[in-house]
Amino acid sequence: MPNQNTEKTFSIVKPNAMKKNCLGDILSMFEANGLKIAAAKISLISTSKCEEFYAEHKARPFFPELVKFMTSGPVLLLCLSGENAVLKNREIMGATDPKKAAPGTIRFKFGDNVGENAVHGSDSLNSAERELSLFFEKSEICNL
Ligand code: CDP
Ligand code: MG
């Protein structure tokens, strides 16, 4: 049974990492750090859904390229659960820019550049709730 500190967070394995055929490695890193795969599906993200997902970055210069990249191929959509899952996932991912990511993090290992940085992870519990509801029905998050 999940305990009181159990959180759910949202993660995406981005198209550049999907191309590296390293899903097993990435999922192992979550599991080895105490996160559980509560829901998972491989999918293409539509442009409109992607723009909604990244709405907070709409005014940033990299926005058009980011949307183009994130819709360029299949991604793995994940709900991760576990103790302090939001922060823990951010630690496992590493810094946004793979060049600044700590050794052993997903972005250090599989990121190519600041845009194509292998994974997304929610930055707060509120973001996690919003993002999960964009991509998963409540009933799909069933492996808790
Ligand atoms: O993903 P994270 O929360 O670490 O970073 P963000 O600041 O929320 O930016 C969202 C995404 O935009 C990043 O993961 C990158 O893919 C992209 N980005 C970019 O292409 N160029 C930047 N200078 C910053 C972010
Ligand atoms: Mg972010």
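A polar contact is a pair of N or O atoms within 3.5 Å, and that cut-off is the one to keep in mind at the opening stop of this tour, which goes through a predicted model.

**Ligand 1 and its surroundings**

Select ligand 1 together with N117, where a polar side-chain atom of N117 lies 2.9 Å from an oxygen atom of the ligand. Taken alone, ligand 1 exposes 510 Å², and the protein buries 79% of that area.

**The salt bridge of K20 and D112**

The structure holds two salt bridges, and the next selection is K20 with D112, a pair whose closest N and O atoms are 2.9 Å apart. K20 lies in the loop between α1 and α2, whereas D112 lies in the loop between α6 (106–110) and β4 (119–121), so the pair ties together parts that are 92 residues apart in sequence. K20 is partly exposed at 35% relative accessibility, and D112 is likewise partly exposed, at 45%.

**The salt bridge of E140 and K41**

Move on to E140 and K41, which form a salt bridge with 2.9 Å between the closest N and O atoms. Because E140 lies in the segment after α7 (125–135) and K41 in strand β2 (residues 36–43), this pair ties together parts that are 99 residues apart in sequence. E140 counts as partly exposed, with a relative accessibility of 31%, and K41 counts as partly exposed at 25%.

**Two asparagines with positive phi**

Most residues other than glycine have a negative phi, and the last two selections depart from that pattern. Select N21 in the loop between α1 (15–19) and α2 (23–32), where phi is near 55°, a positive value; at 74% relative accessibility, N21 counts as exposed. Finish at N84, in the loop between β3 (75–83) and α5 (85–93), whose phi is also positive, near 50°, and which is partly exposed, with a relative accessible area of 41%.

Conventions. Residues numbered from 1 in each chain as written. Chains lettered and ligands numbered in written order. Predicted model: local features only at pLDDT ≥ 70, side-chain atom pairs only at ≥ 80, totals over all residues. Heavy atoms only, no water. Helix = DSSP H or I, 4+ residues; strand = E, 2+ residues; numbered from the N terminus. Buried < 20%, exposed > 50% of the residue type's maximum accessible area, 1.4 Å probe, protein only. Salt bridge = Lys/Arg side-chain N within 4 Å of Asp/Glu carboxyl O. Polar contact = N/O pair within 3.5 Å; in protein donor to acceptor, adjacent residues only side chain to side chain. Areas by Shrake-Rupley, 256 points an atom, 1.4 Å probe, with all protein chains shown as cover.
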